[in-house]
Amino acid sequence: MRTTTGWQAAGPTSLRRTSVERRDLRPDDIAVRVDYCGVCHTDLHALRAYDQHTRVPLVPGHEFTGVVAGIGREVTTFSVGDHVAVGNIVDSCGVCAMCEAGQENFCHSFPTLTYGGTDRHDGSTTLGGYSREYVVRDTFAYPLPSGLDPAAAAPLMCAGVTVWEPLRSLGVRPGSRVAVAGLGGLGHLAVKMAVALGATTTVISRTHDKRDDARRLGAHDLIASTDTQHMATARDTFDVVIDTISAPHDLAPYLKLVAMDGTLSLLGYLGPVTVEAMDLLIGRKKLSSAGSGGRLATAEMLQFCADHSIAADIEVLPSSQVDTALGRLLRNDVRYRFVLDMSDLD
Ligand SMILES: [Zn+2]
Ligand SMILES: [Zn+2]
């Protein structure tokens with residue numbers, strides 16, 4: 001076993017510094033020195049749901065960048081010293097229809113999650129990127145294109161690819177009309193990517209407070225969802241509405257914004273929703289969802305971001321302040337993603 005240091009769940013929003021065991025390198029493994037790890041809403045949910053009495057530790061973190069520190073004997077695509085990025089899935093069956101289609105994120109036997117997942121070989125529980133080292137199968141690590149800042153690129157690996165895949169699969173291109181509902185970790189990246197894809201992009205936010213931010217991110221307009229008159233005039237005007245709102249909410253006002261044959265893509269809140277069929281019928285509208293990304297799309301997204309100088313707007317904190325980051329994320333007090341600097345774990 002390899003031993004490193006990390007942050008392990010100690011309470012609903014608190015972690016404690018502890019030693020973390022990593023497996024010895026398999027032939028196709030690489031060891032990554034984790035430099036930067038983003039703080040995702042999923043980490044909050046995992047901590048809140050964590051049973052303190054279980055003997056299985058929880059180490060969150062599933063969007064990180066770092067440097068290759070060791071390679072298994074069959075690894076040919078990476079060398080020690082390479083900059084890499086790892087997202088929220090670290091393995092899949094490799095043979096089902098979804099894996100064959102390059103959508104490992106939808107693997108029929110469920111992809112192995114970066115933390116809280118079950119390793120496909122030894123059955124151990126995976127421990128995440130809030131740690132100084134991570135061991136991962138080479139095919140689920142991605143070269144970090146030069147030009148991308150390693151700290152600001154970390155959130156691309158979960159938040160970024162989660163909005164990238166639907167934007168691409170829904171055919172967003174120059175001339176598309178895209179609305180992004182909710183301007184947080186997912187939303188601010190959706191705006192940057194939609195703008196870079198050439199779409200006329202509008203932010204839907206509860207109030208006008210984020211108007212300047214929306215402009216700075218490249219959005220062409222902001223509609224306050226509480227402004228019923230503005231919402232009414234925007235009816236049927238967006239080919240794609242990317243909904244990143246993380247709390248339960250009424251979908252009807254957002255479906256109304258979708259143009260004929262357009263799509264509302266639900267990415268933030270993944271619980272049960274209620275939809276009036278008439279809100280879909282009038283205008284032949286579609287409701288869809290997505291999450292994470294396949295290997296091909298993830299690599300493509302990283303290159304696109306490098307080519308267009310896209311990365312997350314981040315606030316970097318030393319990893320010892322992880323509790324602060326989680327507490328502030330819980331209060332939505334972040335623009336737009338916390339990233340932990342892991343160098344204090346040495
Ligand atoms: Zn995430
Ligand atoms: Zn599969």
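Residues are numbered from 1 along each chain as its sequence is written, and chains are lettered from A and ligands numbered from 1 in the order in which they are written. In this predicted model, local features need pLDDT of at least 70 and side-chain atom pairs count only at pLDDT 80 or more, while totals for chains, interfaces and linings use all residues.

**Exercise 1. Describe the domains and their contact.**

Step 1: Domain 1 covers 2-157 + 311-345, and domain 2 covers 160-289. Such bounds come from an automatic or database domain assignment.

Step 2: Take the centres over C-alpha atoms. They are 29 Å apart.

Step 3: Count the residues in the contact. Domain 1 gives eleven residues and domain 2 gives eight. Two residues are in contact if their C-beta atoms, placed from the backbone, lie within 7 Å.

Step 4: Sort the domain 1 side by class. Five residues are nonpolar, three polar and three charged. Here Ala, Val, Leu, Ile, Met, Phe, Trp, Tyr, Cys and Pro count as nonpolar, Asp, Glu, Lys and Arg as charged, and the others, Gly among them, as polar.

**Exercise 2. Trace the unit formed by β16, α11 and β17.**

Step 1: Find the elements. Helices (H or I, at least four residues) and strands (E, at least two) are DSSP runs, numbered from the N terminus. Strand β16 spans residues 314-318 and strand β17 spans residues 337-341. Helix α11 spans residues 322-330.

Step 2: Pair the strands. β16 and β17 run parallel and are joined by five bridges. Pairing requires that DSSP finds at least two bridges between two strands. P318 has D341 of β17 as its bridge partner.

Step 3: Assign the hand. β16, α11 and β17 make a right-handed β-α-β unit. That means a clockwise path from the first strand over the helix to the second, with the strands pointing away from the viewer.

Step 4: Find the covered side of the helix. V322, A325, L326 and L329 of α11 are buried. They line one face of the helix, because they fall within an arc of 95° seen down its axis. The arc is that of the directions from the helix axis to the C-beta atoms. A residue is buried if 20 or more other C-beta atoms lie within 10 Å of its own, exposed if 12 or fewer, and partly exposed in between.

Step 5: List what this face packs against. The partners of the buried α11 residues are β1 (2-11), β2 (14-22), β3 (29-39), α1 (41-49), β16 and β17.

Step 6: Follow the chain onward. N332 lies in the loop between α11 and β17. Its phi is positive, near 60°, and N332 is a residue other than glycine. N332 counts as exposed, with 9 C-beta neighbours inside 10 Å. Y336 lies in the loop between α11 and β17 too. The peptide bond from R335 to Y336 is cis, with omega near -5°.

**Exercise 3. Say how far helix α4 is covered, and by what.**

Step 1: Count. α4 (residues 159-169) has eleven residues, and nine of them are buried.

Step 2: Name some of them. The buried residues include V161, V163, W164, E165 and L167.

Step 3: Find the packing partners. They are α5 (185-196), β13 (238-243), β14 (258-266), β15 (286-289), α10 (295-307) and β17.

Step 4: Check what follows the helix. G171 comes after α4 and has a positive phi, near 75°.
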